[in-house]
Amino acid sequence: MDPEASQTAREALDLTFHMSNILETGLDRHTVSVLVALCDLGLNPEALAAVVKELRREPFSSFPMPETPSSAS
């Protein structure tokens, strides 16, 4: 990616993250970046929003945690 395109992409993400903060979404910069990338790939933004809302409703403990060598004993 050329420097100008990289700068434009960074500014677009900065603006999107700022809007996310104004709307008090509670999303971190990385999550906003991933969601924007998924939209760029053609995923439906409304469907992504529904998934984010659903994941927030789920208690964290309902997701299975992978076993680590220290927790397997």
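## Helix α2 and its ends

Helix α2 covers residues 29-40, and because its 12 residues at 1.5 Å a residue should span 16 Å, the 16 Å between its end C-alpha atoms agrees with expectation; the expected span is 1.5 Å times one less than the number of residues. Helices here are DSSP runs of H or I with at least four residues, and strands are runs of E with at least two, numbered from the N terminus.

Just after α2, G42 adopts a positive phi of about 105°.

## Basis of the model

This is a predicted model, in which local features need pLDDT of at least 70 and side-chain atom pairs count only at pLDDT 80 or more, while totals for chains, interfaces and linings use all residues. Residues are numbered from 1 along each chain as its sequence is written, and side-chain values use heavy atoms, with hydrogens and water left out.

E24 lies in the loop between α1 (3-22) and α2, and its phi is near 55°, a positive value in a residue other than glycine. Most residues other than glycine have a negative phi. E24 is exposed, because its relative accessible area is 70%, where exposed means over 50%, buried under 20% and partly exposed in between, with a 1.4 Å probe and protein chains only.

R10 belongs to helix α1 and is partly exposed, with a relative accessible area of 44%. R10 and S33 are separated by 23 residues in sequence and by 9.9 Å in space, C-alpha to C-alpha.

## The largest pocket

The largest pocket holds about 400 Å³ of space. Of its 16 lining residues, T25, L27, L35, A49 and V52 are the closest to its centre. A pocket is an open set of points on a 1 Å grid over the protein atoms alone, where a 1.4 Å probe fits, with protein on both sides within 12 Å along at least five of seven lines, and lining residues have an atom within 4 Å of a point.

Helices α1, α2 and α3 (45-57) each supply at least two residues of this lining, and the largest share, 6 residues, comes from α3.

## The chain as a whole

The protein chain contains 3 helices and 0 strands, and 10% of its 73 residues count as buried.

Conventions:
Points joined across faces, edges and corners; volume = space filled by probe spheres on them.
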